[in-house]
Amino acid sequence: MLDLGRLDLEEIATALQDQTDYEHRWMINPQTGEIGFWTTDGGIDGHTPIDLDDLDLVGIDPLPSYVWYQDMADFAERISDAAAGRRLARAIQGKGAFRRFKNELHEEYPHLLPAWYAFSGVRAKRRAVEWLVDNSLVDDETGERFVAEHPDPGLP
């Protein structure tokens with residue numbers, strides 16, 4: 001089992017959010033917890049093509065976009081500024097929701113950015129820990145303790 005305190009949860013969360021369709025994969029070394037990036041033409045070191053099956057690494061597949069979308073919806077619903085909540089909720093309707101949400105926050109509600117980053121950051125780290133547990137890289141008890149100790153932060 002890996003030591004949760006020595007893992008880069010933000011990097012694992014980034015891998016879980018990476019929805020690009022390029023020929024690459026985020027990988028984690030199950031012995032060290034080191035995160036690597038594999039590409040079809042550059043392998044894991046960026047220079048030597050290697051087949052994924054020849055690596056003793058675990059692939060980090062992205063979570064579906066609806067998982068991350070829910071964070072925006074929950075944030076819009078839970079903030080106390082009802083007008084801002086309505087505008088953010090409208091911004092996430094239809095294609096381009098992630099970009100519009102980000103633009104709306106930056107342009108109209110920059111004072112809410114720290115709350116958004118704290119909210120989405122905590123959720124992303126919890127998902128990273130849950131992924132580690134699901135892939136038997138961290139034990140259940142450690143994962144459950146982390147999740148319990150990192151609830152959603154209060155929102156303005």
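Serine 136 sits in the loop that joins H5 to helix H6 (140-149), and in this predicted model its phi is near 55°, a positive value in a residue other than glycine. As background, most residues other than glycine have a negative phi. Serine 136 has a relative accessibility of 53% and therefore counts as exposed, since the cut-off for that class is over 50%. The points below place this loop residue within the chain as a whole and then turn to the helices and their contacts.

**The chain as a whole**

- The chain contains 6 helices and 3 strands, and, read from the N terminus on, its elements follow the order α-β-β-β-α-α-α-α-α.
- Along its principal axes, the C-alpha trace of the chain spans about 55 × 35 × 20 Å.
- Of the 156 residues of the chain, 40% count as buried.
- When contacts between residues at least 6 apart in sequence are considered, 62% of them join residues at least 24 apart.

**Helices H2 and H5**

- Helix H2 (residues 65-78) packs with helix H5 (residues 113-134) at an angle of about 140°, and the axes of the two helices are 11 Å apart.
- The two helices H2 and H5 are therefore oblique to each other, because an angle has to be over 145 degrees to count as roughly antiparallel.
- The crossing that H2 makes with H5 is right-handed.
- On the H2 side the contact involves Val67, Trp68, Gln70, Asp71, Met72, Asp74, Phe75 and Arg78, which meet Ala115, Trp116, Phe119, Arg123, Ala124 and Arg127 on the H5 side.
- Sorted by class, this contact of H2 with H5 has 8 nonpolar, 1 polar and 5 charged residues.

**Helices H2 and H4**

- H2 also crosses H4, at roughly 30°, and the axes of these two helices come within 11 Å.
- That angle makes H2 roughly parallel to H4, because angles under 35 degrees fall in this class.
- The crossing of H2 and H4 is left-handed, and the contact is made by Ser65, Trp68, Tyr69, Met72 and Phe75 of H2 together with Ala97, Phe98, Phe101 and Leu105 of H4.
- By class, the contact between H2 and H4 has 8 nonpolar residues, 1 polar residue and no charged residues.
- Trp68, Met72 and Phe75 of H2 are listed both in the contact with H5 and in the contact with H4.

**Helix H3 and its buried face**

- In helix H3 (residues 82-91), the residues Ala84, Gly85, Leu88 and Ala91 are buried.
- Viewed down the axis of H3, these buried residues fall within an arc of 125°, so they line one face of the helix.
- As a general point, an α-helix has 3.6 residues a turn, so residues three or four places apart point the same way.
- The buried residues of H3 pack against H2 and against helix H4 (97-108).

**The loop between H2 and H3**

- Aspartate 81 has its place in the loop between H2 and H3.
- With a relative accessible area of 32%, aspartate 81 is partly exposed, because that class lies between the limits of 20% for buried and 50% for exposed.
- Aspartate 81 and aspartate 53 are 28 residues apart in sequence, and their C-alpha atoms are 51 Å apart in space.

Note on methods. Residues are numbered from 1 along each chain as its sequence is written. This is a predicted model: local features need pLDDT of at least 70, side-chain atom pairs count only at pLDDT 80 or more; totals for chains, interfaces and linings use all residues. Side-chain values use heavy atoms; hydrogens and water are left out. Axes are lines fitted to C-alpha atoms, for helices over the stretch in contact, and angles run from 0 to 180 degrees between N-to-C directions. Helices (H or I, at least four residues) and strands (E, at least two) are DSSP runs, numbered from the N terminus. Angles under 35 degrees count as roughly parallel, over 145 as roughly antiparallel, 65 to 115 as roughly perpendicular and the rest as oblique. A crossing is left-handed if the near helix is turned anticlockwise from the far one by less than a right angle, and right-handed if clockwise. Contact means heavy atoms within 4.5 Å. Ala, Val, Leu, Ile, Met, Phe, Trp, Tyr, Cys and Pro count as nonpolar, Asp, Glu, Lys and Arg as charged, and the others, Gly among them, as polar. Buried means under 20% relative accessible area, exposed over 50%, partly exposed in between (1.4 Å probe, protein chains only). The arc is that of the directions from the helix axis to the C-beta atoms.
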